[in-house]
Amino acid sequence: MTNPLQLMCTQQIIEQFAPEQHNLLNILHALQDNHPQNYLTEQALDDTARYLGLPKSSVYGVATYYTMFSLVPRGRYIVRVCTSVVCELHKAGRVIGSLENMLGITTGETTPDGMFTLELSECLGQCQDAPSVMVNEKVYNNLDDNRLAEIIHQIRGSQKTANR
Amino acid sequence: MTKQISLTIDNKKITAPEGANLLQVASENNIAIPHLCYHKKLSPTGACRLCIVKIENQRGLIASCTVQVSDGMKVTAFDGELEEARKYLLDWLLSEHDESHDNSYDDAFRELVHRYGLDKKENRLFPSIYKELGYPTDESSPVLSYDAAKCIKCFRCIKGCDEVQGKNVLSFTNRGIISYIIGGFDNWGESECDGCGECIQLCPTGAIVEKPHRSAINLLNGIQKVRTTCPYCGVGCQLELFVQDGKIVRSNGVEGVSPNDGRLCVKGRFGYDYVHSPERLTKPLIKKGGKFVESSWDEALDLVARKFSEIKEKYGRKALAGYASAKTTNEDNYLFMKLVRKVFGNNNVDYCTRLCHASTVTAMLRSLGDGAGSNSIEDYAGSDCILVTGNNMIETHPVTATFVKYAVQRKGAKVIIIDPKWTPLVKDAHIWLQPKLGTDVALLNGMLRVIISEDLIDREFITKRVDGGLQAFERLKALTGKYTPEYVKAITGVPAHLMTEAARVYARAGSPLIATGMGYSQQVTGTHNVFCLINMMLITGQVGRRGAGLNPPRGQNNVQGVSDVGASPFTYPGYIPVEDEENLRHIARIWDVPFESLDSKKGLSTIEIMQAAYEGSVKGMYIMGENPMLTDPNLNHTEEAIKRLDFLVVQDIFHTDTTPFADVILPATAFAESEGTYVNSDRRVLRVRKAVDPPGQARQDWEIITEIARRMGSPLGNYRNESDIWDEIARTAPIFAGISYDRLKDQGIQWPCPDKDHPGTDTLFLEQFNTPNGLGKLHPVDYAEQNEQADETYPFILNTGRILYQYHSSTMSRRNKALTDFANQAYVLMNPGDAERHGFTQGQKLRIASRRGLIEPIAVKISNEVLPGELFMPFHYPEAPVNRLTRDEMDPYSKIAPFKLSAVNASPYKG
């Protein structure tokens with residue numbers, strides 16, 4: 001599905017929100033989601049600061065405080081591995097290793113085709129079904145290598161279909 | 001008055017105001033509770049936790065900086081448990097901290113580490129991990145460096161920038177152990193930071209340090225600290241200069257004293273390089289065969305004395321004139337004025353106030369009887385409405401602006417701005433009225449009409465304190481009747497609802513202050529503009545009590561003082577008219593001259609002196625510390641006038657745009673080489689102290705003046721030092737009668753101070769105005785169209801002004817790397833619509849011409865900071881001398897020139 005925001009320029013996205021400081025997080029999310037490389041550009045931060053009448057450092061401070069925001073280009077799919085204690089006990093470390101092998105990147109990196117970025121996450125709240133991974137907005141539980149391979153394969157497949 | 005309560009700290013009985021900060025109370029009673037994040041200027045943070053105490057009947061260890069004292073409180077500040085906890089906290093902070101130190105800054109953290117024995121590694125519990133954390137440094141700012149590895153995240157910099165300076169530029173990035181302070185997007189140099197350095201002064205660990213001269217500083221090696229007054233604008237900030245090996249290496253704001261309480265702007269903190277510039281004048285220069293040749297002082301002074309005497313002999317005493325200087329001390333200017341009056345024998349002495357606030361002073365003198373600000377700078381912080389007219393105070397009086405921003409951001413005050421051009425204070429404004437240039441009288445009469453028609457006047461005040469009472473008011477009412485919102489909008493372009501709202505907010509405010517600047521004064525209608533402001537203030541009764549009144553922030557360090565000590569063609573010291581015979585007799589006695597020898601006719605003002613030189617009636621001129629070849633209006637005319645002089649002496653610290661025209665150049669001293677006093681914008685007499693020796697053979701201005709007088713056969717007096725001169729000033733000016741150097745040691749004193757026991761006057765006009773009958777006077781004035789209008793040939797109206805990083809003719813400010821790194825290029829501002837219509841692109845080089853002259857090339861800066869049809873240029877830059885374009889038409893009352901309004905055209909520069 002095409003994101004309805006994708007065709008909009010930064011200013012149009014920002015102006016969907018009232019120029020009030022409490023809208024900062026919503027604006028940053030909208031800007032990041034709209035960007036094909038899933039990140040906040042300096043221009044986006046600058047426009048936001050100006051629109052909300054905030055100092056640049058405040059906007060930057062918020063954008064770097066929350067790990068869900070990125071200031072560097074990322075893949076279309078952000079794979080976040082839960083590193084909570086429960087997931088750790090259920091071999092989250094192995095999940096990370098497997099994903100690094102499958103994707104050919106280390107944690108924090110993006111695949112050369114711009115498809116995946118591998119990240120770590122605080123608790124995803126799925127402890128009953130650990131270990132867990134979140135890909136963009138979707139959560140996957142009870143993972144092992146086969147299940148992970150299947151998920152990655154599925155996403156690549158769906159992307160190819162979408163491209164066609 | 002706050003109730004006094006009793007408490008005990010470690011069994012010591014202490015009395016303190018109820019609600020005071022516990023840590024502060026302890027500190028004031030010599031109980032040194034360790035702390036790092038607390039500073040008395042800032043709201044308490046409680047971040048470092050070192051100031052923990054125990055309080056009876058309260059649980060746990062409590063950060064004392066967050067506690068307000070109450071009656072009967074029993075506090076334990078030191079015991080084994082508290083000390084152990086403090087040591088643990090320090091140890092933990094230390095593990096993330098780079099301990100290297102270069103002795104260039106005070107380090108409160110390091111001192112505590114030593115106090116708790118943690119400088120010995122064997123006493124520590126935690127290993128050092130700061131290197132593994134990969135903390136960055138930020139070197140991008142022109143004036144400061146930030147090292148996150150030395151930062152303890154105490155919030156002082158963030159709060160200083162926000163709460164004290166009202167700028168709020170800084171923040172944290174990341175979180176947890178790897179968080180650190182940032183400006184901008186982790187790039188201080190590209191942030192909104194204007195370089196004031198408040199954060200440097202407040203940083204307790206040296207994480208934020210200044211760049212200029214820091215490598216030269218060694219606090220362990222004979223640093224001398226000298227308290228003095230800033231040489232830039234008229235706020236009068238108190239500085240502590242650090243001197244090492246005969247050179248100034250640092251400038252800090254002095255905490256706890258008025259007017260600045262430690263605050264400085266970028267010029268005050270980093271603008272001292274010029275003192276040690278290799279371009280300083282160090283020897284007298286005499287023009288021989290068209291070239292300047294170094295000479296001895298004797299040769300130069302003899303020549304000056306002989307030439308002035310010859311001119312006086314040949315053309316009469318009126319053929320000599322002098323420009324005094326708003327940059328030098330009261331003592332220098334008093335003797336300069338005395339030289340002109342006693343030795344030249346006329347009143348042809350004036351200075352740049354005539355180009356600055358002369359109209360404001362004239363209007364205030366006529367209406368209120370005093371030509372100076374009625375209130376104190378710190379009063380802005382407590383005001384609920386600040387009306388800012390033609391005054392870009394964030395750039396021109398940055399420290400005054402911090403008090404205004406405090407009132408708005410912390411106390412909910414409303415700022416009303418009247419300015420055709422955007423200024424940074426607009427961000428904090430409740431209302432911004434943007435009248436077309438030169439239409440202020442119409443706008444203010446419109447506001448007066450709103451106030452009158454909505455019955456927002458103060459009848460009692462008008463009856464008791466206004467000359468002519470309600471009858472006089474009726475005349476004002478009749479005159480303003482026609483200024484309906486529609487009529488005013490047609491003239492000014494200001495929407496009716498905004499004008500109405502502004503009038504209501506001002507009239508209804510509890511303690512409104514008017515801060516009026518060059519935008520109002522530098523017009524042909526300058527005096528009328530201020531009459532209107534005063535009319536509004538008087539009929540609403542918004543004067544005559546603490547925190548309400550009218551205040552013109554003075555542009556230069558001593559522009560107030562020079563008028564105060566009588567360097568004016570119209571008045572003697574203390575604003576006594578030259579025609580006042582009783583005063584002349586008094587002065588004649590003090591100066592030991594025959595009363596008849598003193599000229600009792602008004603002298604020529606600044607522009608009149610130049611016009612007289614042009615016409616040939618003034619033949620010889622003495623200019624001290626002024627640069628008319630950049631700052632006088634209609635420079636082409638000024639240049640011709642100066643060329644026609646028989647003899648010109650310029651006394652300065654640098655070659656300027658004026659010195660090439662001099663016959664003799666005399667090298668004088670900079671602020672840091674002088675003793676004396678300045679008077680700031682709120683009438684505060686402030687000490688100036690010598691920190692370093694003058695370069696080469698440069699001499700004190702007052703010593704040069706006395707030498708010239710002596711060699712002209714009319715000595716000025718036997719002054720041992722500056723204090724002797726001041727004492728004579730105090731005898732001639734009743735406003736200063738009670739002030740002497742010994743009283744100025746720690747704090748300035750605000751005039752009038754009539755006797756030795758008088759504390760000075762923080763607010764003028766409390767009981768009565770200083771007019772002969774004690775009443776304020778209304779001056780109803782009508783709007784009149786400007787003589788110069790935009791037309792087909794000259795379609796733009798040009799406005800001129802100042803910027804934060806340069807000062808006056810930039811002879812001082814441009815010789816500071818820090819300031820020029822921020823801004824060093826002339827430009828002309830143009831509205832985007834105009835630029836588009838003319839096909840100009842951002843940065844394009846233009847040619848700007850008026851009926852009087854032209855400037856080229858000059859880069860255009862396209863911005864909606866100016867209205868369509870209007871342009872703006874800073875006047876600081878000699879390569880773009882904007883006064884080639886301006887007019888020397890004068891305000892008939894004050895003789896000020898209309899720097900703010902010249903018709904010009906703009907065309908592409910053809911190279």
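Predicted model: local features only at pLDDT ≥ 70, side-chain atom pairs only at ≥ 80, totals over all residues.
**Ground rules**

I count residues from 1 along each chain as its sequence is written, with chains lettered from A and ligands numbered from 1 in the order in which they are written.

**Entry: chain A**

I began with chain A and found seven helices and four strands. Both kinds of element are DSSP runs numbered from the N terminus, helices being H or I with at least four residues and strands E with at least two. Along the sequence I read the order α-α-α-α-β-α-α-β-β-β-α. The C-alpha trace of chain A spans about 50 × 40 × 25 Å along its principal axes.

Next I looked up burial, where a residue is buried if 20 or more other C-beta atoms lie within 10 Å of its own, exposed if 12 or fewer, and partly exposed in between, with C-beta atoms placed from the backbone. Of the 164 residues of chain A, 31% count as buried.

I then noted two domains in chain A, 10–65 and 77–163; such bounds come from an automatic or database domain assignment.

**Entry: where the chains touch**

I call two residues in contact if their C-beta atoms, placed from the backbone, lie within 7 Å. On that basis chain B brings 15 residues to the contact and chain A brings 10. On the chain B side, the elements giving two or more residues are β8 (170–173) and β9 (180–183). β8(B) gives the most, with four residues. By class, I listed five nonpolar, seven polar and three charged residues on this side of chain B. For these classes, Ala, Val, Leu, Ile, Met, Phe, Trp, Tyr, Cys and Pro are nonpolar, Asp, Glu, Lys and Arg are charged, and the others, Gly among them, are polar.

**Entry: chain B as a whole**

Chain B has 28 helices and 36 strands, and its C-alpha trace spans about 85 × 70 × 65 Å along the principal axes. I checked the radius of gyration, which is taken over C-alpha atoms and compared with a globule rule of 2.2 Å times the number of residues to the power 0.38. For 911 residues a compact globule would come out near 29 Å, and chain B has 29 Å, so the two agree. Buried residues make up 59% of chain B. Among its contacts between residues at least 6 apart in sequence, 72% join residues at least 24 apart.

The domains of chain B are domain 1 (214–276), domain 2 (285–356 + 558–750), domain 3 (358–551) and domain 4 (796–908). I found 35 Å between the centres of domain 1 and domain 3 of chain B. Their contact takes nine residues from domain 1 and eight residues from domain 3.

**Entry: cores and α19(B)**

A nonpolar core here is a set of buried Ala, Val, Leu, Ile, Met, Phe, Trp, Tyr and Cys residues joined through C-beta atoms within 7 Å. The largest has 270 residues, and B:V266, B:L339, B:I386, B:M447 and B:I451 touch the most other members. A second, separate core of 29 residues includes B:L829, B:F840, B:L867 and B:L885.

I followed B:I451 to one of its partners, B:I539, which also touches B:F473 and B:L476, among others. B:I539 sits in helix α19 (residues 526–539) of chain B. It counts as buried because 26 other C-beta atoms lie within 10 Å. B:F473 is 66 residues away from B:I539 in sequence, yet 7.4 Å away C-alpha to C-alpha.

For α19(B) itself, 14 of its 14 residues are buried. Just after α19(B), B:G541 takes a positive phi of about 65 degrees.

I noted a cis peptide bond from B:W751 to B:P752, with omega near 0 degrees, and B:P752 lies in the loop between β30 (749–750) and β31 (796–801). Another cis bond runs from B:E856 to B:P857, with omega near -10 degrees; B:P857 is in strand β34 (residues 854–862).

B:K153 has a positive phi near 55 degrees, in the loop between β7 (144–147) and α5 (156–164) of chain B. B:F155, also not a glycine, has a positive phi of about 75 degrees.

Definitions and conventions:
Lists of a residue's contacts leave out its neighbours within four places in sequence.
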